[in-house]
Amino acid sequence: MALHVPRAPGISQMLQEGTKHYHGIDEAVCRNIEACVQLADTLKTTYGPYGMNKLIINHLEKMFVTSDAAVILNELEIQHPAAKLINFACDIQEREVGDGTSFVIIFAGALLQRAEELLKMGLAPAEIIQGYELALDKTLEILPNLMCTEAKDVSNEEDAVKGIKASLMSKAYGNEEFLARLIAKACILVKPESSAFNVDNVRVVKIIGSGIDASSIVEGMVFKKIVEGDIQKVEKASVVVFTCPFDSQMTETKGTVLLQSANELLNYSRGEENLLEQQVKDIADTGVKVVVAGGKFGDMALHYLNKYGIMAVRLQSKFDVRRLCRTVGATPLPKLCTPSKEDIGFCDQVYVSEIGDTHVVIFKQENKQSRISTIVIRGSTDSLMDEFNRAIDDGVNNYKALTRDGRLVPGAGATEIELAKQISKYGETLPGLEQYSVKKFADALEALPKALGDNAGLKSNEIISKLYAAHQEGDRSMGIDVDGEHSMKNAEQAGILDLYITKHWAIKNATGAVNTILRVDQIIMSKPAGGPKPPQAGGGMDADDD
C-alpha cells in the first residue's frame with residue numbers, strides 16, 4: 001500500500017492571511033473575461049443615436065443621467081482589476097482623441113468574448129494573442145485606404161462641420177447640425193495660426209430656460225454673476241486683474257492705538273481712507289475702466305471705485321481669472337498696486353446683461369481679438385444641458401483631432417463591416433492556428449454595427465448580412481440607416497463621417513488592453529488595509545443578529 005504524501009499548500013502559505021489567489025485558465029483568465037464582458041454589455045446599450053441613458057448616483061449622491069461612457073466609468077468606481085484595465089484603455093482614448101470610449105469598451109468586450117470561445121476550443125492564450133496582433137497590424141494597414149474624404153482646411157466651417165457632426169449624434173441626435181455649426185464657429189474664432197489648438201479656449205456656460213435652439217456664441221467670456229459696484233457698462237475698456245481682495249491692507253500683527261482726544265478719534269481712520277483713495281485714483285489715472293479681483297471688494301473700496309467711474313467684477317474661481325487674463329491680454333497681479341502698461345489688458349465691451357432670468361457679466365471682444373470663445377447653452381433641465389455640454393466637449397475634441405489629422409472614414413458601421421470583410425479574407429490565407437484568432441477579430445468588429453442596429457430596434461443580424469452583401473459588391477460606404485425606411489444607406493452621401501484618428505486609436509487601445517488581460521494567468525489580491533468595514537444601513541455595530 002502506497003504511503004500518502006500530502007501536497008504542499010502552494011503559494012497560499014507565503015501570502016498574508018486573507019489574500020485571494022486565483023490561477024489557471026478557468027479561474028484567472030475566464031474570470032477576467034467574464035467581468036469585462038459584463039462591463040461591455042452594460043455600456044453597449046448607450047452606443048449610437050438611439051443609445052439609452054444610464055442614471056448614476058455617485059458616493060456624494062450627485063445624480064448623472066448620461067450615455068457618455070467616460071462619465072459612466074468615472075462615476076462607477078470599478079474595483080475588478082481586469083475591468084480597470086479596460087477603464088485605463090478608455091482613459092488613454094479620452095486623452096488622446098477625446099472621443100470613442102464606447103467604441104473601445106464594446107470592441108474590447110467582443111474580442112474577449114471571442115477569446116473565451118477559442119479557449120474552450122483548446123487554443124492557448126499565447127496563440128490567441130498572436131492572432132489578435134496579426135489582425136491588428138492588418139487592420140491598421142487597411143484603415144487608411146478606407147478614407148473617403150479629408151477636411152483640408154479646418155478654418156473652413158463646412159470642412160469642420162463634416163468632422164464634428166457624427167460624434168454629436170450619439171448625445172444630441174436631432175440637434176447635431178445646429179450644434180456642429182455652433183462648435184465649428186466657436187473653435188474657428190479662437191484657432192491660433194501657428195501653435196496647436198487648445199480645447200480650454202472654448203468655454204461653456206449653462207443657463208436654464210428656453211431650448212437648445214436659443215444657444216449662442218460670445219467672442220469672449222460670460223460669467224453668471226452681477227457686478228459689485230454701480231457701473232454696469234463700459235466700452236473700449238482697459239482691464240486690470242488682481243488675484244487678491246480689493247480692500248485696504250490689513251496688518252499682519254495685532255497693534256494697540258492710544259487715543260487721547262476727540263480729534264484723534266475722528267481722524268483715526270482718515271489716513272487709511274486717504275491711502276485707499278489714492279490707490280484707486282492712481283489706478284484710474286492709468287486709464288483703467290474695469291477692475292477684476294479674485295477676492296471680495298471692501299465697502300470703502302467700492303465707494304471710491306464708483307466715485308472714479310470704474311466697474312468692479314469679482315471672480316472666485318482661479319481658473320476663470322486665468323482664462324479672463326488670456327481673453328483680455330492682462331497679467332494677474334498678486335497684490336494691490338498701480339499696474340504698469342504691460343499688466344493692463346483691453347476689452348471692447350464689458351457689460352451686464354440678462355439671459356432668461358439670469359444676470360451675466362460679458363467680456364466681449366471684436367475683430368477676432370479674443371483668444372477665448374464661450375458657448376451659451378440653453379435648456380429646460382440641468383440634466384439635459386449637462387448632456388449637451390458633454391456633446392460639445394466631444395465636438396471640440398474632435399475639432400482638435402481634425403487639426404492634427406483631417407482624414408475621414410464612412411460612419412454608421414460601414415468602416416467596421418469593410419474591415420471585418422477584409423480581415424476575414426486575410427485570416428483564410430494564414431496556415432497556422434492564428435487564423436482562428438484573426439477570424440474572431442473580424443467577428444468582433446461586427447459587434448459595433450450590431451449594437452447600432454439593436455439600440456435602434458432593428459433586426460441587426462439581418463442588416464449585417466445585407467451590409468456584407470453590399471460591401472461584397474464594392475459599396476464600401478454602405479452603413480446602417482437607424483431611422484429611415486430602408487435598413488441601409490450610403491454613409492458618405494448622408495454626411496455621416498467618423499475621424500480616421502478616432503478609429504485608429506480605439507482599435508489599437510482596445511486590442512492592447514485585451515492582449516494584456518489574456519496574458520494574466522494568476523490573480524493575487526492582498527487583504528484590504530484597515531479594520532472592519534463600517535456597518536451597513538439598517539444596523540449598528542452592536543445590533544443583534546437575527
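**The largest pocket and its surroundings**

Modeller: The largest share of the lining of the largest pocket, four residues, is supplied by helix H6. The model is a predicted one. The space in this pocket amounts to about 730 Å³. Its lining has 44 residues, and those closest to the pocket centre are Tyr47, Ala166, Ser167, Ser170 and Asp498. At least two lining residues each come from helix H4 (101–121), H6, H12, helix H15 (447–455), strand E17 (497–499) and helix H18 (500–518). By class, 18 residues of the lining are nonpolar, 14 are polar and twelve are charged.

H6 and H12, which both contribute to that lining, also pack against each other. H6 covers residues 157–168 and H12 covers residues 382–404; their axes come within 9 Å and cross at roughly 140°. H6 is therefore oblique to H12, since only angles over 145 degrees would count as roughly antiparallel. The crossing of the two helices is right-handed. On the H6 side the contact is made by Asp159, Ala160, Gly163, Ile164, Ser167 and Leu168, and on the H12 side by Ala391, Ile392, Asp394, Gly395, Asn398, Tyr399 and Leu402. Seven of the residues in this contact are nonpolar, four are polar and two are charged. Ser167 of H6 takes part in the contact and is also among the residues closest to the centre of the largest pocket.

H12 leads on to the second largest pocket, where it supplies at least two lining residues, as do strand E5 (202–208), strand E7 (220–223) and helix H11 (318–328). This pocket has a volume of about 430 Å³. Of its 21 lining residues, Arg203, Val204, Val205, Arg323 and Asn389 are the closest to its centre. The lining is made up of nine nonpolar, four polar and eight charged residues.

Note on methods
Residues are numbered from 1 along each chain as its sequence is written. This is a predicted model: local features need pLDDT of at least 70, side-chain atom pairs count only at pLDDT 80 or more; totals for chains, interfaces and linings use all residues. Side-chain values use heavy atoms; hydrogens and water are left out. Axes are lines fitted to C-alpha atoms, for helices over the stretch in contact, and angles run from 0 to 180 degrees between N-to-C directions. Angles under 35 degrees count as roughly parallel, over 145 as roughly antiparallel, 65 to 115 as roughly perpendicular and the rest as oblique. A crossing is left-handed if the near helix is turned anticlockwise from the far one by less than a right angle, and right-handed if clockwise. Contact means heavy atoms within 4.5 Å. Ala, Val, Leu, Ile, Met, Phe, Trp, Tyr, Cys and Pro count as nonpolar, Asp, Glu, Lys and Arg as charged, and the others, Gly among them, as polar. On a 1 Å grid over the protein atoms alone, a cavity is a set of points where a 1.4 Å probe fits but cannot get out, and a pocket is an open set with protein on both sides within 12 Å along at least five of seven lines; lining residues have an atom within 4 Å of a point. Grid points are joined across faces, edges and corners, and a volume is the space filled by probe spheres set on the points.
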